[in-house]
Amino acid sequence: MSNTQTAAPPPAPKREEMKGASGQGGLTLEELKEKMANFAKERDWDKFHSPRNLLLALVGEVGELSEIFQWKGEVPRGLPDWEEQEKLHLGEELSDVLLYLVRLSDICGIDLSKAALRKIELNAIKYPISLCNQKHNQIKTSPETAPVATTAAADAATSATSNDNGGV
Ligand SMILES: [Mg+2]
């Protein structure tokens, strides 16, 4: 190659070609956090990644995710009637939300794994299985009793969280 020639950059991969491109599965939140931190550092984007900026970016991505479902009405689980391309797009927007959430947590110094596990435990206290089953049974057998069951659930939730502020 002569000095006057410059190598053309490789063409950007097409969206279809990137399907499953990473070949990686089962990443932990910690690994995602590190990948996002490296991604930002390599591009000198740390200066833009303030908590507020990341939160607004996250909200924007939630909007893009919502747009996919907008006007479709209720859709069945597994999205059996969706085109493969739609599902690919859905995966991209879900990922955008997750990645900004992980990055925001990191920048705020929150251990998202620990926080999420703690929240599940708090929710288990707030919504005990026995009470939830009782509520569902009452709704199934007698729709008129649903308001009573709802009140009981609310009472349980109130007593469970009165000492800890662990509400959803
Ligand atoms: Mg997006």
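This is a predicted model: local features need pLDDT of at least 70, side-chain atom pairs count only at pLDDT 80 or more; totals for chains, interfaces and linings use all residues.

User: What does the secondary structure of the protein come to?

Analyst: The protein has six helices and zero strands. Read from the N terminus, its elements run α-α-α-α-α-α. Of its 168 residues, 6% count as buried.

User: Why are H2 and H3 called roughly antiparallel?

Analyst: Start with the angle: helix H2 (residues 51–69) and helix H3 (residues 84–107) pack at about 160 degrees, and their axes are 9 Å apart. Angles over 145 degrees count as roughly antiparallel, so H2 is roughly antiparallel to H3. H2 also passes H3 in a left-handed crossing.

User: Which residues meet in the contact of H2 with H3?

Analyst: From H2 they include Leu 54, Leu 58, Val 62 and Leu 65, and from H3 they include Leu 90, Leu 94, Val 97 and Leu 101. The residues of this contact divide into 15 nonpolar, one polar and five charged.

User: How do you know that the span of helix H4 agrees with what it should be?

Analyst: H4 covers residues 112–126, which is 15 residues, and at 1.5 Å a residue they should span 21 Å. The end C-alpha atoms of H4 are 20 Å apart, which agrees. H1 can be checked in the same way: its 14 residues reach 20 Å from the first C-alpha to the last, close to the 20 Å expected.

User: Why do you say that H4 lies largely in the open?

Analyst: A residue needs 20 or more other C-beta atoms within 10 Å to count as buried. Of the 15 residues of H4, the number buried is zero, so H4 lies largely in the open.

User: Why does Lys 35 count as partly exposed?

Analyst: Lys 35, in helix H1 (residues 29–42), has 16 C-beta neighbours inside 10 Å. Exposed means 12 or fewer and buried means 20 or more, so Lys 35 is partly exposed. Its C-alpha is 9.6 Å from that of Arg 103, although Lys 35 and Arg 103 are 68 residues apart in sequence.

User: What makes the phi of Trp 71 worth a look?

Analyst: Most residues other than glycine have a negative phi. Trp 71 is not a glycine, yet its phi is positive, near 70 degrees. Trp 71 is found in the loop between H2 and H3. With 5 C-beta neighbours inside 10 Å, Trp 71 counts as exposed, because the cut-off for that is 12 or fewer.

User: Where does Leu 79 lie, and what is its phi?

Analyst: Leu 79 lies in the loop between H2 and H3, and its phi is positive, about 50 degrees, although it is not a glycine. Leu 79 has 13 C-beta neighbours inside 10 Å, so it counts as partly exposed. One further positive phi, near 60 degrees, belongs to Asp 44, which follows H1.

Terms used
Residues are numbered from 1 along each chain as its sequence is written. Helices (H or I, at least four residues) and strands (E, at least two) are DSSP runs, numbered from the N terminus. The expected span of a helix is 1.5 Å times one less than its number of residues. Axes are lines fitted to C-alpha atoms, for helices over the stretch in contact, and angles run from 0 to 180 degrees between N-to-C directions. Angles under 35 degrees count as roughly parallel, over 145 as roughly antiparallel, 65 to 115 as roughly perpendicular and the rest as oblique. A crossing is left-handed if the near helix is turned anticlockwise from the far one by less than a right angle, and right-handed if clockwise. Two residues are in contact if their C-beta atoms, placed from the backbone, lie within 7 Å. Ala, Val, Leu, Ile, Met, Phe, Trp, Tyr, Cys and Pro count as nonpolar, Asp, Glu, Lys and Arg as charged, and the others, Gly among them, as polar.
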